[in-house]
Amino acid sequence: MTDYVLQAEDVAIHYGGVKAVDGVGLTLERGQIRGLIGPNGAGKSTVIDAITGRTRLTRGRVMLRGEDVSALDVVQRRRRGLSRSFQRTSVFAQMPVRRQVELAAYEMGVADPGADADDILRELTLDRFAEVVAADLGYGEQRRLDLALGLVGSPSVLLLDEPMAGLSVKESHDLALHLKALAQRREVSVLLVEHDMDVVFGISDVITVFELGRVIASGEPAAVRANPRVREAYLGSTA
Ligand SMILES: Nc1ncnc2c1ncn2[C@@H]1O[C@H](COP(=O)(O)OP(=O)(O)O)[C@@H](O)[C@H]1O
Ligand SMILES: [Mg+2]
């Protein structure tokens, strides 16, 4: 039997009559990258909110390393290793990079916040920007800092909602390489919502396609790309 790090089972989020997510199952194995794609309004962000605990489940459950975390709040899930990266550098725009990561590690109760910060900065090749304040970073480095903050405390699962948004092709490619390396070296499992199809198909081990709050296809990239329903619903004739 496969040992899943994350299992979302029959997850539904209804807002009144709007079935934003309606009975979705998703799994992540250790170190696996799952791309999650689908048209605008398909429910991708909502399912991330549901998994992290930001939105209450209408139905279903979320299992983290075998434990049902459905009743836990965002902070409790984060401490158990379920992390989400936000675009939040602006909150600490005037604080140096290393200090931000160290502070986040301290707040998480990490045993050695300085060591955790150094380790993460090295991993994301942000170490040479350690003493630079976030506001002075380039946009690509700022997004890498968001990722760094999400990695504090060595989470087992990282949820990313359009991390490449606003990045140049080169910056996207760079971030994608870092993600792939993280999944492999730190064995972080990643759920990646991303519009950039080159990135998604390039680094995902498996891909799930949403449409109208439901999964319409799931599997290895080549199979998903060839799926007629996916081509019709989403990829269009250009894929
Ligand atoms: N707080 C909310 N209240 C009502 N409807 C919502 C709310 N959040 C999302 N929705 C609806 O749920 C659907 C899925 O939205 P979303 O998860 O943001 O899609 P995606 O991220 O795939 O673009 C959309 O129809 C959206 O309008
Ligand atoms: Mg979204």
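A polar contact is a pair of N or O atoms within 3.5 Å. Keep that in mind for this predicted model.

Q: What makes K44 and ligand 1 a polar contact?
A: A polar side-chain atom of K44 sits 2.7 Å from an oxygen atom of the ligand. The cut-off is 3.5 Å, so the pair counts.

Q: Which residues surround ligand 1?
A: Among them are Y15, A20, P39 and N40, along with G41, K44 and T46. Each is called near because one of its heavy atoms lies within 4 Å of the ligand.

Q: Why are strand 1 and strand 2 called paired?
A: Pairing takes at least two bridges, and nine join residues 4-15 to residues 18-29, so these strands pair. They run antiparallel. In the hairpin, two residues lie between the strands, and G16 has a positive phi near 60°.

Q: What makes R78 a lining residue of the largest pocket?
A: The pocket holds about 520 Å³ of space. R78 is among the 21 residues lining this pocket, and one of the closest to its centre. Being in the lining means having an atom within 4 Å of a pocket point.

Q: Which domains supply the lining of the largest pocket?
A: Domain 1 (4-81 + 155-238) and domain 2 (88-154) each give at least three residues.

Definitions and conventions: Residues are numbered from 1 along each chain as its sequence is written. Chains are lettered from A and ligands numbered from 1 in the order in which they are written. This is a predicted model: local features need pLDDT of at least 70, side-chain atom pairs count only at pLDDT 80 or more; totals for chains, interfaces and linings use all residues. Side-chain values use heavy atoms; hydrogens and water are left out. Helices (H or I, at least four residues) and strands (E, at least two) are DSSP runs, numbered from the N terminus. On a 1 Å grid over the protein atoms alone, a cavity is a set of points where a 1.4 Å probe fits but cannot get out, and a pocket is an open set with protein on both sides within 12 Å along at least five of seven lines; lining residues have an atom within 4 Å of a point. Grid points are joined across faces, edges and corners, and a volume is the space filled by probe spheres set on the points. Domain bounds come from an automatic or database domain assignment. A polar contact is a pair of N or O atoms within 3.5 Å; within protein, one must be able to donate a hydrogen and the other to accept it, and residues adjacent in sequence count only if both atoms are side-chain atoms.
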